[in-house]
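Hi,

Here is the structure I promised to pass on. Have a look at it first, and my notes follow below.

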Amino acid sequence: MEQYVLAARELGLPEMGFADHLPLFHNDDLTLAMPQSDLPLYIDKVRELQEVHSDYPLRLGIEADYIRAHLDDVAGVLARYEFDYIYGSVHFIGGWGFDQSRFKFEFERRDIDEVYEIYFGLVMEAARTGLFDVMTHLDVVKKYGHRPTKNMKPLYREVAATLAKSDVAIELNASGLSKPVGEIYPSLEILEIMHEYGVPITFGSDAHKPSQVGREFDKLLRLARSAGYSDYVGFAGRQRIPRPLPEPAG
Ligand SMILES: [Zn+2]
């Protein structure tokens with residue numbers, strides 16, 4: 001984990017946070033999230049790194065799945081620790097892990113417009129729970145390149161209004177650029193609507209190795225600017241810290 005911190009410092013990022021995956025309650029696949037027994041170790045390790053790097057703002061975050069049937073379990077675990085920020089994410093539609101390549105065949109059997117509607121419906125439900133500070137990879141449903149056939153703008157407006165009303169920010173991350181869709185999460189179309197509704201943004205690397213820390217941040221900054229944003233937020237103690245957007249370097 002320290003290699004991630006060193007990578008962030010080397011890049012000159014003004015701060016960084018860890019947001020590992022909270023253990024899943026409905027699924028014991030350890031390629032998706034840590035086991036329950038690892039959570040205290042994760043927290044301790046971040047605390048230890050905060051001491052070692054006390055001259056650097058290092059945040060304790062977590063990414064938690066929104067699973068309606070396990071909302072109380074998730075809330076119980078989240079309340080046990082003092083996180084700086086909590087990412088909420090939707091990776092499952094019912095039992096379908098739609099963003100895992102081994103289950104993507106299911107897209108062929110479904111109506112894509114309906115998949116989008118269900119997915120964003122879950123995102124709105126998640127936002128309304130008040131458990132999450134940020135919804136991450138907001139349009140990850142596009143990961144394998146499945147595009148809706150109808151105009152989704154009205155749905156995206158509903159999502160934006162819900163996020164704004166629930167006081168939830170969104171994350172920009174570039175991991176989608178290396179996925180079949182080849183696009184940042186979220187798309188410019190969605191981001192413009194988010195800006196219109198005053199939904200704040202933050203930046204994530206979705207790093208699964210140290211070399212991915214800060215990946216394509218210049219592209220994220222450019223996208224944020226083209227959607228009309230001039231600032232972003234960091235987090236400490238679950239409070240937003242507003243900051244001006246830096247100029248993209250490249
Ligand atoms: Zn995720």
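Predicted model: local features only at pLDDT ≥ 70, side-chain atom pairs only at ≥ 80, totals over all residues.

**What I found**

G237 takes a positive phi near 55° in the hairpin of strand 7 and strand 8, which has two residues between the strands. Before the rest, two housekeeping points. Residue numbers start from 1 along each chain as its sequence is written.

Strand 7 and strand 8 (residues 239-244) run antiparallel and are joined by six bridges; V233 has P242 in strand 8 as its bridge partner. Strands here are DSSP runs of E with at least two residues, helices are runs of H or I with at least four, and both are numbered from the N terminus. Two strands pair if DSSP finds at least two bridges between them.

On the whole chain: there are eight helices and eight strands. The C-alpha trace spans about 50 × 40 × 30 Å along its principal axes. Of the 250 residues, 36% count as buried. Buried means 20 or more other C-beta atoms within 10 Å of a residue's own, exposed means 12 or fewer, and partly exposed is in between, with C-beta atoms placed from the backbone.

Then there is an open sheet of six strands, in the order 1-2-3-4-5-6 with parallel pairing. Strand 1 (16-21) and strand 6 (201-204) stand at the edges with a single partner strand each, so one side of each is left without a neighbour in the sheet. Strand 2 (residues 58-65) pairs with strand 3 (residues 85-89) over five bridges in the parallel sense, and D65 stands opposite S89 in strand 3.

Which residues touch the most other members of the largest nonpolar core? They are V123, M135 and I170, in a core of 58 residues. A nonpolar core is a set of buried Ala, Val, Leu, Ile, Met, Phe, Trp, Tyr and Cys residues joined through C-beta atoms within 7 Å. Helix 5 (residues 112-128) gives the most to this core, with six residues. A second, separate core of six residues includes Y4, A8, L58 and V213.

Helix 5 itself has Y116, F120, L122, V123, A126 and A127 as its buried residues. They cover an arc of only 150° around the axis, which puts them on the same side of helix 5 (the arc is that of the directions from the helix axis to the C-beta atoms). Their cover includes strand 3, strand 4 (134-135) and helix 6 (153-166). Just after helix 5, G130 takes a positive phi of about 75°.

Last, Y229, in the loop between helix 8 (217-226) and strand 7 (231-236). Is Y229 buried or partly exposed? It counts as partly exposed, because it has 19 C-beta neighbours inside 10 Å. Leaving out residues up to four places away in sequence, Y229 touches H195, I201, A224 and L245, where a contact means C-beta atoms, placed from the backbone, within 7 Å.

Cheers

Conventions:
Contact = placed C-beta atoms within 7 Å.
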